[in-house]
Amino acid sequence: MGENRRFEYAGGISVNQRMRKVYEEVAKKYGVTPEEVEREIRACIEEMYASPQAPETRAVQARIPRRGVIPTNEEMISFIAAEIRKDE
């Protein structure tokens, strides 16, 4: 995949391994390749940060933990998953 950073989850499963599985499952469901899934997610994130946004959207973007200016796919998906868990 495009992002080769390695982080570890509890249990020793790397984020890259976890993301690869997610990409594969989504790809299978929609009849595309895992690489296409990864690229499309990346493109959406980059577009979201490149486009002018409403103040409310910028406030949410500022809350997303990230190492760089734009979050990685893993950082964005982790943030979204955490937000969903809060609402459950």
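**Salt bridges**

I looked up the salt bridges and found two in the structure. The model is a predicted one, and I read every entry below with that in mind.

I took the pair Arg-63 and Glu-83 to begin with. Their side chains meet in a salt bridge at 3.0 Å, N to O. Arg-63 sits in helix α3, residues 55-63, while Glu-83 sits in helix α4, residues 73-87, so this pair ties together parts that are 20 residues apart in sequence.

I then turned to Lys-86. Its side chain meets that of Glu-83 in a salt bridge at 2.9 Å, N to O. This pair stays within helix α4: Lys-86 and Glu-83 are three residues apart, so about one helical turn separates them.

I noted that Glu-83 takes part in the bridge with Arg-63 and also in the bridge with Lys-86.

Arg-63 has 43% relative accessibility and counts as partly exposed. Glu-83 is at 22% and also counts as partly exposed. Lys-86 is exposed, with a relative accessible area of 60%.

Side chains of opposite charge can pair when their charged atoms come close.

**Negative patch**

I went over the surface for charge next. Which residues form a negative patch? I list Glu-24, Glu-25, Glu-35, Glu-36 and Glu-40.

I asked which helices supply them. Helix α1 (15-30) and helix α2 (34-50) each give at least two residues to the patch. The largest share, three residues, comes from α2.

I looked at two members in detail. Glu-35 is in helix α2 and counts as partly exposed, at 40% relative accessibility. Glu-25 belongs to helix α1. At 48% relative accessibility, Glu-25 is partly exposed as well.

I also checked a distance from Glu-25. Val-37 is twelve residues away from Glu-25 in sequence, and the two are 9.8 Å apart in space, C-alpha to C-alpha.

**Nonpolar patch**

I searched the surface for nonpolar side chains. Val-22, Val-26, Tyr-30 and Val-32 form a nonpolar patch. Together they have about 320 Å² of accessible area.

I picked out Val-22, which lies in helix α1. Its relative accessibility is 31%, and it counts as partly exposed. Patch residues need over 30%, so Val-22 at 31% passes that cut-off.

**Arg-18**

I followed helix α1 to Arg-18, which lies in it. At 43% relative accessibility, Arg-18 is partly exposed. I noted its separation from Glu-74: 56 residues in sequence, but 9.3 Å in space, C-alpha to C-alpha.

**Gln-61**

Is Gln-61 buried or exposed? I found it buried, with a relative accessible area of 8%. Gln-61 lies in helix α3.

I then asked what Gln-61 touches. Setting aside neighbours within four places in sequence, I list contacts with Met-48, Tyr-49, Gln-53 and Arg-66.

**Whole chain**

I closed with the chain as a whole. How many helices and strands are there? I count four helices and zero strands. Along the sequence the pattern reads α-α-α-α.

I looked up burial too. The chain has 88 residues, and 25% of them count as buried. Gln-61 is one that I checked and found buried.

I took the accessible surface last but one. It comes to about 6,300 Å² for the chain. Carbon and sulfur atoms account for 55% of that surface.

My final entry is on contacts. Of the contacts between residues at least 6 apart in sequence, 42% join residues at least 24 apart.

Terms used: Residues numbered from 1 in each chain as written. Predicted model: local features only at pLDDT ≥ 70, side-chain atom pairs only at ≥ 80, totals over all residues. Heavy atoms only, no water. Patch = residues over 30% accessible without salt bridge, like charges linked within 9 Å, V, L, I, M, F, W, Y side chains within 5 Å. Areas by Shrake-Rupley, 256 points an atom, 1.4 Å probe, with all protein chains shown as cover. Salt bridge = Lys/Arg side-chain N within 4 Å of Asp/Glu carboxyl O. Lys, Arg positive; Asp, Glu negative; His and termini not counted. Charge placed at Lys NZ, Arg CZ, Asp CG, Glu CD. Buried < 20%, exposed > 50% of the residue type's maximum accessible area, 1.4 Å probe, protein only. Contact = heavy atoms within 4.5 Å.
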